[in-house]
Structure formats: structure tokens, C-alpha cells
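Please open the model in your viewer and keep the selection panel at hand.

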Amino acid sequence: MRLLHLLRPALSIIPEVQEPRFPQPLKVKVLITGITLFIYLICCQIPLYGVYRTSGSDPFYWMRVILASNKGTLMELGISPIVTSGMILQFLSGVGFIEVNHSVREDKVLFNAAQKLLSFIMAIAEGMAYIWSGAYGDINQIGAGNAILILLQLTFAGVIVTMLDEMLQKGYGLGSGISLFIATNVSENILWKSFSPITLSTEAGTQFEGAIINFFHLLFTKQNTLQALYYAFFRESAPNLNNLLATLFVISLVIYLQGFRVEVPLASQKIRGLVSSHGIKLFYTSNIPMIIQSTLVQNVYFLSQLLYKRFKTNFFVKLLGTWQEAEFGGQSVPIGGLAYYMSPLRDVKDIINDPIHAVVYVLFVVFMCGFFAKFWIQISGESAKDVARKFKDEQIKIKGLREESMVKYLSGYIPVAAFCGGVCIGLLTIVADILGAIGSGTGILLAVTIIYGYFETFHKEKYDNQSIF
């Protein structure tokens, strides 16, 4: 008996979204995707009941945009449980600890059920860790009853996120819930930092948080135009126009690189003369390496802050990471240990002040993104062997090649594209952070690749359905 078979008795109690009996028309998919997004946004605004306080250091602060989470609300954990559970199971599957054949329907059902069950468990575990860390106040202050209520709310929200993601992935909507929530959160953050009407008191007088609104405000209120432009482009207390221009530059660069691909000519074995092509993109694994790398860093950050808050003098805890309160915002920032060397570079000054940190961080991000990209194609069914098998099952062959030569031909492109794409994603993230792009380099890269993927999916669906209406 294999490990997955132990889940058979639990299948009846694990919630599941049934696959649609018929392909959904595009207008229905767009409607359901919109409803899913509306539910997510509503959950982002519903505060947790029983919380004593939500101020103070936030363990998820640096990753909230990427995790599509919102502090003090039902979306406190965001997509962290489902991404972490997927990463764990894919790793166990890749190393052979869990045997799964995705071409066998029962294995696919059991694997999906295992991922959902683990995501529920992760939501409970992360919720308990959050409560124990004092994020909502001391346990003695909030009481056991409120602590249980908070845990139930976080677990319920985790279930909702998991089911919404499954509903979209099974064909009721476009893309996946994870991608939709990340893209929404990142886009919302960029728009807010550009047009926020909140006023700030600075040494130069009252300014607006939004970079664009502040630009026009300074032009109309400052008598010295050069001084107004200086504050609009170079202020450090809030987003400036340089940050916005850096964001636009990175977005344009990612869209440009999305067009790099190798077209593999295909010929049908069923219909003579029917030819087509299979595109192998530079970003072959899309944003998967960055999502996995970000989730890994987020979990290290969370564990490190949790332990450091309780055991500051322990040698091994300090080796994992030491933290201190930031000058602005009241958030903790890593200043030593493993967490520090995994923290992103904020600008060129960070490179000059600590070149060792810069070198270690660049090598870490590039290596992990490249490694996860190559590892992902092996466990996700996108390797050269898997693609060649799909061609064979669909009675398609690469033009000018025999069936036995297809794997060798694809092996010359797919692993290279996956690794180079992962490295490029990592380097683009570092460049975006150094240039000061709004939000974070990781968030922008994820948002652009996700929205570009939605654009391609929408056009494919529109072509297949001929019309949205």
C-alpha cells in the first residue's frame, strides 16, 4: 500500500469542488472569476473577532503583498497555507517519498485531496503560531475563548481560499485563485502608492503619500519649482516618482522578455499536411520559482521572528536571525543571521555598506530560482520526457524527427529554458529592488507574469469561444 492510499477513507469528508460537466463559456468564466475576486476582497476587509491588538511588529510585513494577505482580517494568512502545502507535497513527490502518477485519475484525486488536507493543517498551525507569538495580544489578555475563536476564523478563511482556488483551477473561472489574489494585491499596492490621498507631515511640509498626487501638489504649492521636483523625485519618507518610473521600467522589461521563445515545428500523424508549433518560452516555468523561493523565505522569517521574540539569547536562534525595530513603521527588520542574508537589497547604498550581504543575497536568489525552476519541471509533468509523451499520446511528432528522437531534441531546449528563465526572474527581482520599484521586486515580477498569463488565457478562450457575448 502506498502512502497516498491512506487517504482513501478520508475522501468523503474532505471538501471538493466537482468538475464542470461541460466546458464553461468565456462570459461565465469571467463572471465567476469576478465573483471569486469580490469574495477575496470582502474577506480582506472583515476584521478578526476577539483580537486584543493588531499593532506592533508584524512577522509577515515584508511578504504580505506576495502572500495576498491583510493584517488583522480574515485574510491574515493569505495564500501561505496553500502555497506551503503544495511546495511540501511537490518536494516529497519529487524525491520519491510519495509515489504519484498524475496520469492515473485515482492518484490525481488522492494527491489533490492530500494537498487540501495539508493546507487546512498548515492554516491551523500558522494560526496557532500567530496567536502564540502575541500578534493579537498576550494570551492572558485575549483569553482562551477568544484565542479559539481567532483560530477558527483563520482556519475557515484558509478553507475558503483553498476552495476558491480549486474552483478556478477546475475550469469554472480563469487561471487560479493563487495567481488572481497575488496579482490583485500587488496591483492594489502599486495604485495606492501612486494615488494615495493620505497626507504626511514631513520636514518639507505637508505632502501626499501617493507619488503622482504629491507631484502635482508640490508643483502647485511650492514657489521653487526645482525644489518641488527634487522632493517629488527623491523624497525618502514615502514613494517618489523615481520609484514609479523604476516600476514601469521593470514591468516593460518583463513584458519584453515574455516574448522570447523557441518555436518547435509539429506535424500531425493523424491528418497528413496538418502542421502547428509548440512554443518553449524563456519563462518556461513562469513565476513558480519565485513563488516557491518567496514562500521559503517567508517561513524562515516567520519562524526566526517567533523564536527570537521568545529566546533572544539562544545561540542557534541568533544564528537563524536577529531582529530589531525599524526606524519607521514599527516593523522588525533582520540585522544578523541567516534571515539577514536572505533579506532583499533596498538600494545601491546596501551594496556599498555591506558587499558580503549583497553577494550572498544575489547568489542565493539566483541559485534558488534556477534550482526550483529545473526541479519544478521534473515534478510538474513539464519535463522533456513528459512533453514528448504528450505529443505521442496526441499522435503528434516534431517535424523531421522520429518518435525516439523527440526526448533528446526537447532536452536541448526545455531544461535550458527553465533554468535560464528562473535565473532571469531572480535577477530581475534583484534589479527591481535595487532601483526602488514600488512594493517589491518579487511582487512586481509575480504580478506582471500573472497578468500576462491572464491576457494570453483570455485571448485563447476568446478565440475558442469566438466571442465573449
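**A tour by selection**

Begin by selecting Ile 46, which is found in the loop between α1 (26-43) and α2 (64-67); helices here are DSSP runs of H or I with at least four residues, and strands are runs of E with at least two, numbered from the N terminus. This is a predicted model, in which local features need pLDDT of at least 70 and side-chain atom pairs count only at pLDDT 80 or more, while totals for chains, interfaces and linings use all residues. Residues are numbered from 1 along each chain as its sequence is written, and side-chain values use heavy atoms, with hydrogens and water left out.

Ile 46 has 36% relative accessibility and therefore counts as partly exposed (buried means under 20% relative accessible area, exposed over 50%, and partly exposed in between, with a 1.4 Å probe and protein chains only).

Next, select helix α3 (residues 80-94), where 11 of the 15 residues are buried, so the helix is largely enclosed by the rest of the structure. Among the buried residues of α3 are Pro 81, Ile 82, Met 87 and Leu 89.

Turn now to the rings, for which a search of the whole structure finds 14 aromatic pairs (ring centres of Phe, Tyr or the six-membered ring of Trp within 6.5 Å; planes under 30 degrees apart are stacked, over 60 edge-to-face, the rest tilted). Tyr 130 and Phe 302 form a stacked pair, 5.8 Å centre to centre with 15° between the planes, and this pair links helix α4 (residues 105-132) with helix α10 (residues 288-310), its members being 172 residues apart. Both Tyr 130 and Phe 302 are buried. For Phe 315 and Phe 316, the centres are 5.4 Å apart and the planes at 75°, so that pair is edge-to-face; Phe 315 and Phe 316 are both exposed.

Finally, select Phe 367, Phe 371, Phe 372 and Phe 375, which ring pairs link into a cluster.
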